[in-house]
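Visitor: Before we discuss anything in detail, could you put the structure on the screen and then take my questions one by one?

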Amino acid sequence: MIQLKKSYKYYNTGSRKAYVLSDISLDIAAGEFVSIMGPSGSGKSTLLHILGLLEEPNDGEYLFLGENVSHLTEKKRTELRRNQIGFVFQAYHLIDELTVYENIETPLLYKGLNSSERKSRVAELLDKFNIVGRKDLFPSQLSGGQQQLVGIARAIAGNPKVIFADEPTGNLHSEQATEIMELFKKLNEQEKVTIVQVTHSEHNATYGNRIIRLKDGLVVQ
Amino acid sequence: MLQHYFKIMFRNLAKTKLYSTINIAGLALGLTCCMLIVLYNKDEVSFDQFHANKNQLHRLVTTMSNEKETRKMGISNAPSGPAFKEGLAEVEAFVRVQNDYSNVKKGTEVIGQEVINADSNFFAVFTFPLLAGNPASVLKEPNSVVLTEETAIKYFGTTDAIGKLLEFKLQDSFITKTVTGIARNVPQNSSIKFNMVLPFNDNSNEWINFYLSTYILLNKNANYQAVAAKLDNIYLAKAKDEIKMAREKYNFTDNVHYSLQPFMQVHLDTAFSSEAVQSKSKPIYSYILSAIALFILLIACINFINLKLAHSLQRAKEIGVRKVIGGQRRQLIWQFLGESFLLSSLAFILAIILTLLVLPVFNTLANKQLSFIALLDSKLILAYILLFFTTSMVAGFYPAFVVSGFNPLQSIYNRHRFTGKNYLTKGLVIFQFSLATFLIITTVLVYAQFDFLTHKSLGYNDSNVVLVDVGRGTAAEKINRFKSELAQQPAIKLVAGSNSGFNVTIAKAEGKEIEFAYKRMDEKYLKTLEIPLVKGRNLLEGFPGDSTQSAIINETFAKQVGWNDPIGKQVDFFWDNRKVTIVGVVKDYHFEALQTKITPMLLVAHPKYGIGQMLIKVDSNNTATAVKFIESSFKKSFPLQPYSYAFMDVENKNNYKEEAKWKEIISFAAFLSIFISCIGLFGLSILSTEKRTKEIGIRKVLGASVQSVVSLLSSNFLQLVMVAFVIAIPFAWYANDLWLKNFPYRIGISWQVFVTAGLCMMLLAFVTISFQSIRAALMNPVKSLKAE
C-alpha cells in the first residue's frame, strides 16, 4: 500500500545540505500497524509527513495505493488526504472555535457529504468513542485524553485507508495513553485501518506489529 | 458548509471583540464618508434635471474681449432675448430673469424682500409647478405677483392666497399687486431660486450692458452650437448704432460675442461668471471631497488588511488543520473572504445608520440640503452596493489570499516566520500615516491662513462700526435729518455715509486709461474708519467745491499712474465730460476682502447719486444703547423703509465663510484619518506584542528594564510613522502651496508647521502604542514563559 523507494530529504543550510532522511526505502502493507521509533532529530516526523503527503521528498519515489505521488499538485494531494488519509497529532490540533461535533464533522464537509450523511456518521463516531455527552463542548473544555479521542474520531471520520499518528500519546498521562493505544489497536484489528505511528515509547510500540527504527535519517532496523 | 463558515465566523468575531470592533468601526467611518460624498455628488449632478425641457434649455452667455483681457459672463441684457427669437426659427422661446429687491408691506411693517422679475412664460418654460394659477398666464398682468408656498405663509399665514393683495414700495408711495399664483417651494437642487416672482418690466434696448439672465428654449431638433454661431450677426445688425456710438464716444474697444450654454451645465460651470445664478458650485469641490472620503476609506481598509494579516497568525493552526484534513486552498479563500464580507456588511449597516445620523451636520458643513430619501433611487442603491463590494474585496482579498497560502506543516508546528520582513504591512502603515500627516499639515496651514485672513489689519478700523442701509436714492435732507437725530445720542461717536460697495469704472490719467474702484463718501468717512491720509487733505471740509471737482485716490492708484506727487493732478472722466482734481492720497486699505488684491481706488463726494449706507461708529462700552437708538431714529426718519443693520467687523468676517467651511471639513477629515490610523496602530501593537510575549519574557528574565521593553516595542512603529512623515512633507508642501497661491495675501509655509505636525503625529502614535507596550513590559515574565 505504501512504497517508499530510495528517498532523501534535505535542507539547504548555507552551502551544505543537511540531510534529514537518507536513502529510505520501506514498504507498508494494507492492514499493518507500524511504529516508527528513534531518538530526537532522527527524522521520524519528517518521514511521517512525507508518507502523509504533507511534505515531498527531494529524491526518490513514493507510491501511495500503487500510484506515484512524488510530484503531485497541491490540489491532488489535498484530495488524497481528504479521502484516504487521517492524521492524529501529539497536540491534538482541534479547531478551538468548533465544538466536538463540528470538529468531527469538518472533514466530512470538505468531502462533500450531505447533511444527513454527515449527521449519521458523526453520531456513529460519537457513540463509538463514548463522547455523545460532550458533543457540544469546545476543545478547551475537554481533558487531553478526551481531546485526543476527538482527534482520532476526526481522523477516521472520512473512512481513510491509513492513519498517520505523530506521537499521539506524547502529551497524555499513562492511563489516557493506554486508552488511546487500545483504541488504535481496535481500529487496526476490527476495522482493518492501516496505522503508522511515531512514538518514543517502547511500550506503545508494542501495540503495533512492526517497528521501523531510524537513526540520523537512516533506517537501522 | 455555509452554516459551518458562519458559525466559525461569529465565534471568531466574539472571541476577538476588540480587533473586530476596530475593523468594523474604522470601515463604518470610512464608508460613511463615502456614502455622504456619493449623496453630495449625486445631488450635484441632479441639479436642474427636474425641468421637463431640460435638453432644450440654454443660457445666453456673453464674452467681452479686447487685446488685454477676455471676460466671460453668464449674463446678458433686455433686447437680446426678443431679438434672437425674432431672428432665429430654432428659438422657441426666451425667458429673461432678473434678481431684484423690493420693499413690501406686511401689516404696518415694511420688509425687504428678494424677488425675481421674469418674462410671463417663466412658469411655462421652466418646470416650477404651480399649486394655484395658470402657468401660461400668471405673470401676464403687470400688477400680478407669484409667491412660493413659503412666501405666501410668510405674508398671509396660508398658501390659499390667490387674489390677495400685496403693497410694494415705489419711491414714497405704495403700489398694489395681486397674487395670481402660488408656486411650490423651489427644489434645493435648482440653479434658479426664487421666493416671489414679478412680471418682467425692463424696456431697455441697450445691448452693451450685461445684468440679467436670458434663457433660450430651442426646438427639439435644433443644434445649439449651430444656433449659437448665428447670434453674433444678429447682435451686430441690431446694435449697429449703439456699437458705433460706444466706439466714438466712450472709446469702447471690446468685441462682444454671444453664445449659448446648455442649461444642464450651468450649475457646475466655471468658465462664465455667474453672479445671477444663485446656486452655483464648482466641480473641484466634488473632487476634493471625494478624494478625502476615499482617503479615509482607504485608511480603514488598510487597518482591515493589516489587522487581518496580523491576526491570521493566531489562526494559523486552524488553517493548517483544515488543509491537513482536506481543505483546498480555494475553499479557504472563500472562508476568509466570507469573513471579510461579513465584517464589512456589519460595517455597511452601521455606516448607513451613521450616514442618516450625521447628514444634518454634513449639510451645514457642505452647505447643502441633502435628503437621503429624496436621493434614494436605483442608481444610489447600485452605487452603495458597488461601494460595499469594492470595499470588501479591497479589504478582504489580500488577507484571504495570503492566509490560505500558509504551509500546513509550518502553521501546525508553529514554525511561522511572519515576524521578519513583512514589507506589506509596513508599507501600508506608512501609507496610512502619510495620509494622516498630510491632512494634519493641511489642517494646521488652513487654520493659520484662516487666522491670518480674519486677523490681518485691513488698513482701517472696522470695530464698533454699525452699517445701516438707507436705500439708494434717498433724498439728502432725509439723510441729514437722520444724521442730526443720531448726533443727540452720546453713545454714537461718528456718523459717515458712503455708497455700499463700489463701482468699477475707467477714466484717463496722464492720457492713459486706468480702471479703478470708484466710491462715493462724505467728509466723515475716512475719520469713521480711521483711514489715514498720506498726502493732501480730506474732501469737503471747508471746500464745498470738492463735491464735484475733487477726489482722493489711494496709493495704488498713484503708483499705477506713476505719480510721485499726485496732489493737483487731474483725472479725466472722458465718458462723462468731467474732470476731477486730486486733493489727497489715502494709505492703501482693504476695501475688499483679502481674497482680492488692493486695486486703484478713487473716492469722491459727488452728490448726484447720494449715499446708500451709513457707517456709525458707536461707543464700545455702550453698544446696546447705541444700536437701540439707531433703530428708533431710523424708524422716525424713514418710516417706509425696511430697517436692517450689521456690524462691519462681523460683516467682514462673513467674507471668509467658504474658507471657514473648508477649515471645518479639513479638520474633520484630519481627525477621522488620524483616529482610524491610530486605532489600526493600536490593534497592530496588540497583535505584535502578543507575538513577542515570549521574547519579552526572556528579556525580562535577563534583566531588561520596563523602559527598554517599551522602547523595543515602540521603536519599530515609530520608525514607520517617521518615514510616513518624511514622505508626507513634499506632498503637503506642494498641495498647500498650490492652495495658498489662490490668496494674494497669505501666510508663508514655515518649517515649524511641519515640525509641529510631525511631533503631534509621533506623540499620538507613541501614546497609542504605549497602552499596549507598557502593559507588556510590566507583565510577569514567568507567566509569559509558562504559556509556551
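Visitor: Which residue stands opposite B:Leu165 in β8(B)?

Guide: This is a predicted model, and the pairing in question belongs to the two strands β7(B) and β8(B), which run antiparallel and are joined by 6 bridges. Strand β8 covers residues 173-183 of chain B, and the residue there that stands opposite B:Leu165 is B:Thr178.

Visitor: In the hairpin of β7(B) and β8(B), which residue takes a positive phi?

Guide: The hairpin has 2 residues between its strands.

Visitor: What is the bridge partner of B:Val104 in β7(B)?

Guide: The partner of B:Val104 in β7(B) is B:Phe168.

Visitor: Is B:Asp572 buried, exposed or partly exposed?

Guide: B:Asp572 is found in strand β18 of chain B, residues 570-573, and, leaving aside residues up to four places away in sequence, it touches B:Ala507, B:Lys508 and B:Lys579. A residue needs 20 or more C-beta neighbours within 10 Å to be buried and 12 or fewer to be exposed. Because B:Asp572 has 16 such neighbours inside 10 Å, it counts as partly exposed.

Visitor: What percentage of the residues of chain B count as buried?

Guide: Chain B has a secondary structure of 25 helices and 22 strands, and its C-alpha trace spans about 100 × 65 × 55 Å along the principal axes. Among its contacts with a separation of 6 or more, 82% come from residues 24 or more positions apart. Of its 788 residues, the share that counts as buried is 39%.

Visitor: Which strands stand at the edges of the open sheet of chain A?

Guide: The sheet has 4 strands in the order β2-β1-β4-β5, with antiparallel pairing. Strand β4, residues 59-64 of chain A, pairs with β5(A) over 2 bridges, and A:Phe64 stands opposite A:Glu67 in this pair. Two strands have a single partner each, so one side of each is left without a neighbour in the sheet, and these edge strands are β2 (16-28) and β5 (67-68) of chain A.

Visitor: Which element gives the most residues to the side of chain A that touches chain B?

Guide: The contact takes 21 residues from each of the chains A and B, and on the side of chain A these divide into 8 nonpolar, 4 polar and 9 charged. The elements of chain A that give two or more residues to this side are α2 (74-84) and α3 (100-111). The element that gives the most, with 6 residues, is α3(A).

Terms used: Residues numbered from 1 in each chain as written. Chains lettered and ligands numbered in written order. Predicted model: local features only at pLDDT ≥ 70, side-chain atom pairs only at ≥ 80, totals over all residues. Contact = placed C-beta atoms within 7 Å. Nonpolar A, V, L, I, M, F, W, Y, C, P; charged D, E, K, R; others polar. Pairing = 2+ DSSP bridges.
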